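The following paragraphs lead the reader through a structure step by step. Please keep the sequence and the model in view while reading.

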Amino acid sequence: MELTVRGLCKYYGDKKAVDNVTFTLTEGVNGLLGANGAGKTTLMRMLSGVLRPTAGTVALGGVDVSSEDYRAVLGYLPQELGYYPDFTGLDFLMYLASLKGLSRSHGKRRAAELIEFTGLGDAGRKRIRTYSGGMRRRLGIAQALINDPDLLIVDEPTAGLDPGERARFRELLSELGHHAIVLLSTHIVSDVEQIAGRMLMMSFGRVVIDEPWDTSRTDLEELYLKRFGGGEG
Amino acid sequence: MDIKKELKNAFPVPPPVGKREFLRAHRRRELSVMTLILTEAGYVRLRTWFGSLAFLAAMLAVASGGEPEAIWVVSSLTPVLALMAVAECGRSRRYGTVELELACRTPRRTALLARMIAVGAAHLCILALAAPALSAWGETGVMRTGARLLTPYLLTSSLGLELTRRCNGREGAILGFAAAVTVCTLGLWIHSLWGEALERSRLWAVFLILALILSAIEAVRTFRETEVLTWS
């Protein structure tokens, strides 16, 4: 399966947030790097069908981003995770599972699995308002995986996680990459260096680097700093 | 001895067989409108349901007094009920879950519609129960009583939807509350000025139709804005 992006643009008046981006992703972990304001989040939002592009197309195996079939196989973790503070972690997962079309029994089973998997355990029965930032992030990861996605788009997934959790999440993404397209946007170079088979770098709304990445290489940070050292603020 | 635990420790869990195929098959489940409405109803906050029931009890208590003014008191309270519905419909925006919901298989518009139907239908039942009671204990016909209850409800819903769409979070909640208070006050003010004249005329039908049109317009505008994230 392939995620095909052709001529994708998002303009806000004169500002080109994403400018004529074209690439194709296949199964595996794909890293997306770029300084603040490079257009990563805008791109991720368009790939998730959350934001309508000014121009261009996005399709997964020929299925357009606007269709229900695309969203049925999509897992998305936004940069800022919204949540209902009165819901318990399990309620939240069950609710999103129902919106993702899972049956109640399937959603319940999957939610319980993911609560355990993300290490939330008993906290799954507590209200989200009592969660720490790291716990909320883990809940966000759990909701992105609830429908066992073929396309997983995660925006800064490890922000707020401790080093142990980050390592665990990297392993998970790496595992998912065997049978799904994973697009991982991050500022933390080490998050993608060891697991991404392909690296995309964005600058001023354009993809300036799109090439296979050898996970044994250790010079990504150097490359990144050389390119984006000053940021784009 | 916990045999389950012992077994778990003694033998490694076998890898799942055909799990992905099973999940794929389940993912294609078709969602009926009724399933969606019931699902959304299940996730409406308990305080909305309890608040609505408390409102019904209060309406019946006021009506049971048999005072001719009871209908005006009750109708000027229906904006509070409408406010609960608006708060429930604007929940995603208030808590920032719009982005997550937009990325789900069920279109957010459909999910929002299901939530509005769930809460709106419950409120309509409450008003439908209150109208005959108020009519029986008072001097006004059921239709006219129903219109008097429904008009401020619809007006507040429309205003609330418009305001919460423009202003998010706490600001939206405060403005929604202000809209409810305005409609409450307006109801009582109209009654004090033209109460008797209105009793005799058919203006109530005109007001109801206007409120229905306004609600329909607001509902359409709300759905249009749910298609994609309003973000810059």
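With neighbours within four places in sequence left aside, Ala130(B) is in contact with Leu56(B), Met59(B), Leu60(B), Ala63(B), Val74(B) and Leu149(B); contact requires C-beta atoms, placed from the backbone, within 7 Å of each other. This is a predicted model, in which local features need pLDDT of at least 70 and side-chain atom pairs count only at pLDDT 80 or more, while totals for chains, interfaces and linings use all residues. Residues are numbered from 1 along each chain as its sequence is written, and chains are lettered from A and ligands numbered from 1 in the order in which they are written.

Ala130(B) is also among the residues with the most contacts inside the largest nonpolar core, which has 123 residues. Such a core is a set of buried Ala, Val, Leu, Ile, Met, Phe, Trp, Tyr and Cys residues joined through C-beta atoms within 7 Å; a residue is buried if 20 or more other C-beta atoms lie within 10 Å of its own, exposed if 12 or fewer, and partly exposed in between. Helix H9 (residues 108-137) of chain B gives the most to this core, with twelve residues.

Chain B contains twelve helices and zero strands, where helices (H or I, at least four residues) and strands (E, at least two) are DSSP runs numbered from the N terminus. Of its 232 residues, 36% are buried.

Chain A holds an open sheet of six strands in the order E6-E7-E8-E3-E9-E10, with mixed pairing; strands pair if DSSP finds at least two bridges between them. Its edge strands, each pairing on one side only, are E6 (74-77) and E10 (206-212) of chain A. Within the sheet, strand E7 (residues 151-155) and strand E8 (residues 181-185) of chain A run parallel and are joined by five bridges. Leu184(A) in E8(A) is the bridge partner of Val154(A).

Helix H5 (residues 133-145) of chain A lies across E6 and E7 of chain A, at about 165° to E6(A); axes are lines fitted to C-alpha atoms, for helices over the stretch in contact, and angles run from 0 to 180 degrees between N-to-C directions. Helix H3 (residues 89-99) of chain A packs with H5(A) at an angle of about 30°, their axes being 9 Å apart. H3(A) and H5(A) are therefore roughly parallel to each other, a description that applies to angles under 35 degrees. At this packing, Gly89(A), Phe92(A), Leu93(A) and Leu96(A) in H3(A) meet Leu139(A), Ala142(A) and Gln143(A) in H5(A).

Definitions and conventions:
Contact = placed C-beta atoms within 7 Å. Parallel < 35°, antiparallel > 145°, perpendicular 65-115°, else oblique.
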